[in-house]
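Dear colleague,

Please find the structure below. My notes on it follow.

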Amino acid sequence: MATRVQPRQLCLAGSEGAVALATTGLASAEGRGRPGPLQDESLGVASVPSQWRGVQGIRGETGTCLHSLSYPPAQGQGLHVTSVSWNSTGSVVACAYGRLDDGDWSTLKSFVCAWNLARRGLKPQQPSVVVEVPSAVMCLAFHPTQPSHIAGGLYSGEVLVWDLSRPEDPLLWCTGLTDDTHTDPVYQVVWLPEPHHSHRFRVLSVATDGKVLLWQGAGAGPGPLQLAEGFALLVQQLPRNTKLKPHRGETEVGTTAVAFSSFDPGLFVLGTEGGFPLKCSLAAEEAAATRTASSVPLRAPAQFTFSPHGGPVYSVSCSPFHRNLFLSAGTDGHVHLYSMLQAQPLTSLQLSHKYLFAVRWSPVRPLVFAAASGKGDVQLFDFKKSSQKPTVSIKQTEDESPVYCLEFNHQQTQLLAAGDAQGTVKVWQLSTEFTEQGPREMDDLEQLAAEGDA
């Protein structure tokens, strides 16, 4: 994982132009011309575009590459696609450009790019919008209901929110340089509805400094992200149901990934550098035993420790169809299927001899998930067909450079976006075998989960 850095002040740089939108011309590795501004209507704010509504999964072929998207200036800098996200209409895909290999990327000029796939005359190497960012972008998440709002986490520890429909000044909110700011790279951001105000959302961030922070935007923006709630994970406060061997002198538990339950809005799972997933609660009341300065009291959220992987966990995903099931993936090349009710995994699947960087449950097939591999492929797994090996492996990179991230499209459910170390986002159209639920699939999922309840 990335090394510890001190936070930097990025808000001023952003408002004065370090976060700048492209204005005119074609993006290319040679020329520094930039694409035109992305207007509200071109983001698909109103609805899913009509020409997409009839698109279904294809029969026969496993997956077809619909789009291969890139931003040549980012590729020219050797930047990786570190994260991908679909907006709420399902018509816009965005990617973060940064670096995931070892190094100090806190001052690396990076980009957030977005493509409107419904726009006529789509140019794969000319994003609809480009935001320049003065530190490597590690993660992205579109707002659940606002199609043009997107949150990002930076290597420097900052969390920012942009409005991609405001080309003249896209930065809405940022954390700034305070005692509350993460001091390590932010590896995931998630939008969460406010308690008692389900139409309003806050941004949750996780970082390898051991903190999980909930941020609230101040006003309509631009302005600061203010810390609303915070959690700190410390080795001495972890549940002792699993034997763990922390490194000598280590106190913070570096967190690398987060996933929230679809059934209990206060329940979430964290992936850690130590390789063990943690079940946590937003309702935790125990104070964190930390001396870290904070504007709000930090709490200890961990409730249960799961048996570890053979290395750091890079990704976790909670089942959208069963309250007790979640997946984890990491550097040991394994995907673990866990029940929330027991420490040992229900099953452990070795999908790769290299790292696995991402795992996601299908939003429509209860027994299907996808994983992004360090060997350059996207693996689709169907428990209905096999409990041990992938159903299909889709080759994303010819030179086997890693696939770092992937996300299913929850509106156009036959689409899957994956980003790689070559700086490319590929949009795959999946066949109907991965988009049409079988007649007894939920029963089979219940049986899978029951193996852990017995």
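Which charged end sits over the ring of Phe304? That of Lys279 does, 5.5 Å from the ring centre (the criterion being NZ of Lys or CZ of Arg within 6 Å of the centre and within 35 degrees of the ring normal).

Please note that this is a predicted model, in which local features need pLDDT of at least 70, side-chain atom pairs count only at pLDDT 80 or more, and totals for chains, interfaces and linings use all residues. Residues are numbered from 1 along each chain as its sequence is written, and side-chain values use heavy atoms, without hydrogens and water.

Phe304 also belongs to a cluster that ring pairs form with Phe306, Phe326 and Tyr338. Rings of Phe, Tyr and Trp (its six-membered ring) pair if their centres lie within 6.5 Å; planes under 30 degrees apart count as stacked, over 60 as edge-to-face and the rest as tilted. The count by this rule is 15 aromatic pairs. In one of them, Tyr314 and Tyr355 have ring centres 6.0 Å apart and planes at 70°, so the pair is edge-to-face. Tyr314 is buried at 18% relative accessibility, whereas Tyr355 is partly exposed at 39% (buried means under 20% relative accessible area, exposed over 50%, partly exposed in between; 1.4 Å probe, protein chains only).

Four strands form an open antiparallel sheet in the order β1-β29-β28-β27 (strands are DSSP runs of E, at least two residues, numbered from the N terminus; two pair if DSSP finds at least two bridges between them). Strands β28 (residues 415-420) and β29 (residues 424-430) share five bridges, and Leu416 has Trp428 in β29 as its bridge partner.

Yours sincerely
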